[in-house]
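Keep the 3D view open and follow along as the residues come up.

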Amino acid sequence: MPVFSIPLSGLTASSTALSAIANNLANLNTVGYKQTRATFRDLFYQRIGSNGAGDPIQIGAGAAVGSLSTVFTGGNVETSGISTDVAITGDGFFVVEKDGMLQYTRAGNFSESPEGFLVTEDGAQVLGYPSINGQISTGQGLGPIQLGKGQINPPQATSTLQMKTNLDANALAGTTFSTPLTVYDSLGASHVVTFKFTKTGADALGNSAWSYEASVPSLEMKPALDASGNPIPIDPKVPKAVVSGSVSFDGFGKLVPSIDISGLPIYDDVALNISGFANGANDLNTSWKVFDNKVGLLTQVAAPSDTASTYQDGFGAGSMLDFAIGADGVVLGAFTNGTKMLGQLALATFPNVQGLTRQGHNNFASTLASGQAAIGEPGTGGRGTLAGGALELSNVDIAREFAQLIMAQRGFQANARAITTFDEITQETINLKR
């Protein structure tokens, strides 16, 4: 007699395959979606005898779905221009956390939460290595990535300054030249330091000599106290001198270094210290760099006195303008006073990605079969790299899915026809008694 369970198992397997294909097509435009592939296997076999050669004669019991595996090939990467979008090129998953549970995703269509954190569509926080004082340490463990466009980049007091200045060799004794340079205190306030050079003639060695004095506006400083402890009125027209000295130039117009007690040249910086700011900022201890690799930054040639360029390493407080995510996952914030690292996204890889379970919302969860996640920086340990301002699209191939759809449909039809045939045979058997 026909065994109805055989074609019925084929119907069930084909129906499951059709569902998998339909789910793939439904997620054709889902960001980071990975295609599901259904494969079949045969069931057990019943031995009903053997032939003259002793070979077994067996009848199969049908088919079943052997696996519904996930195809983790990369999808196409499409530029979006949105700074919170990130695509993975290569292996790995973003690490996200919601309600205390870690999950993993390939979908990088993130956004910024009202609290300023990088989050997924369903509100899970994207994890990585947070920045502490602008520095990232991967040894401190995972944490949420704080973006917050209201962040303030703290100021940095000037510690080094320099200027490339020429003093006119044709100037007469008593000629002066002044050049300004802006520095920043510990509170981020700016102060203009004015360098005034005065030609004094020749030094003891016959070199051309200039004296210099650096000063700041007196109104920006605390007033001095008299003998009774009362503030002395400040004359705003008289700046406060902070350093003075002299420089000499040889016959080639090159800056001549001073000589120590051993007769060796000294190429040290000039200490420029400013104390007593009226705004309460800390004292400013700055080094004025007058030599670079033993080459003087001040010159004296027969050309008008002029400052070609200046440099100082301080800056005031800055507010965040935007951010960008690099290939190594570093989130670099652009502030009005420069750039600062905000954190670094982490990627996770698994010994067996087929062991992951789908959780919906583009998320996967680890299992005993998948093994533990190996979490680290993008581009290391076999992990892929990132593309900021881009998204990884679904890897579903619509042409292939339609071909598989036709094959699954034919398989369903064939098994349905087998059931109809079995029914007719059964009916004929019942009619034998007539």
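What follows goes through the packing, a sheet, the salt bridges and a few spots worth a look.

A quick word on ground rules: this is a predicted model, so local features need pLDDT of at least 70 and side-chain atom pairs count only at pLDDT 80 or more, while totals for chains, interfaces and linings use all residues. Residues are numbered from 1 along each chain as its sequence is written, and side-chain values use heavy atoms, with hydrogens and water left out.

Start with the inside. The largest nonpolar core has 30 residues. By nonpolar core I mean a set of buried Ala, Val, Leu, Ile, Met, Phe, Trp, Tyr and Cys residues joined through side-chain atoms within 4.5 Å. Buried here stands for under 20% relative accessible area, exposed for over 50%, and partly exposed for anything in between (1.4 Å probe, protein chains only). The residues with the most contacts inside this core are Val-193, Phe-195, Phe-197, Leu-272, Ile-274 and Trp-288. Two or more residues each come from β15 (160-168), β16 (176-184), β17 (190-202), β18 (208-216), β19 (240-249), β23 (270-274) and β24 (284-289). Those strand names follow DSSP: strands are E runs of at least two residues, helices are H or I runs of at least four, and numbering goes from the N terminus.

Now click on Trp-288. Leaving out residues up to four places away in sequence, Trp-288 touches Leu-161, Gln-162, Met-163, Phe-195, Phe-197, Tyr-212, Asp-269, Val-270 and Leu-298, where a contact is heavy atoms within 4.5 Å. Apart from this core lies another one, of 19 residues, with Ile-88, Val-96, Ile-325 and Leu-342 among them.

Some of those core strands turn up again in a sheet. Five strands form an open, antiparallel sheet in the order β16-β17-β18-β19-β20; two strands pair if DSSP finds at least two bridges between them. At the edges stand β16 and β20 (255-256), each with a single partner strand, so one side of each is left without a neighbour in the sheet. Between β18 and β19 there are 9 bridges, in the antiparallel sense, and Ser-215 stands opposite Ala-241 in β19. The antiparallel link from β19 to β20 has 2 bridges: Ser-248 has Val-256 as its bridge partner, and Phe-249 stands opposite Leu-255. These two strands, β19 and β20, form a hairpin with 5 residues between them, and Gly-253 in the turn has a positive phi of about 80°.

On to the charges. How many salt bridges does the structure hold? There are 3, each being a side-chain nitrogen of Lys or Arg within 4 Å of a carboxyl oxygen of Asp or Glu. Lys-34 meets Glu-392 at 2.5 Å, N to O. This pair links distant parts of the chain, 358 residues apart: Lys-34 is in the loop between α1 (5-26) and β1 (36-42), and Glu-392 is in strand β37 (residues 390-392). Glu-392 also forms a salt bridge with Arg-106, at 3.1 Å, N to O. Arg-106 lies in the loop between β8 (101-105) and β9 (111-112), 286 residues from Glu-392. Lys-34 and Glu-392 are both buried, and Arg-106 is buried as well.

Arg-400 and Glu-401 form a salt bridge too, with their closest N and O atoms 3.6 Å apart. Arg-400 counts as partly exposed because its relative accessibility is 31%, whereas Glu-401, at 1%, is buried. Shared partners join Lys-34, Arg-106 and Glu-392 into one network of salt bridges.

Next, two backbone spots. Asp-99 has a positive phi of about 55° although it is not a glycine. Asp-99 sits in the loop between β7 (93-98) and β8 and, at 76% relative accessibility, counts as exposed. Asn-362 is not a glycine either, yet has a positive phi of about 65°. You'll find Asn-362 in the loop between β33 (357-360) and β34 (363-365), where a relative accessible area of 22% makes Asn-362 partly exposed.

Ile-48, Ile-57 and Ile-59 make a nonpolar surface patch of about 260 Å². Patches are made of residues with over 30% relative accessible area and no salt bridge, like charges being joined within 9 Å and nonpolar side chains (Val, Leu, Ile, Met, Phe, Trp, Tyr) within 5 Å. The areas come from the Shrake-Rupley method with a 1.4 Å probe, and for residues only the protein chains shown count as cover. Of this trio, Ile-48 is found in strand β2 (residues 45-50).
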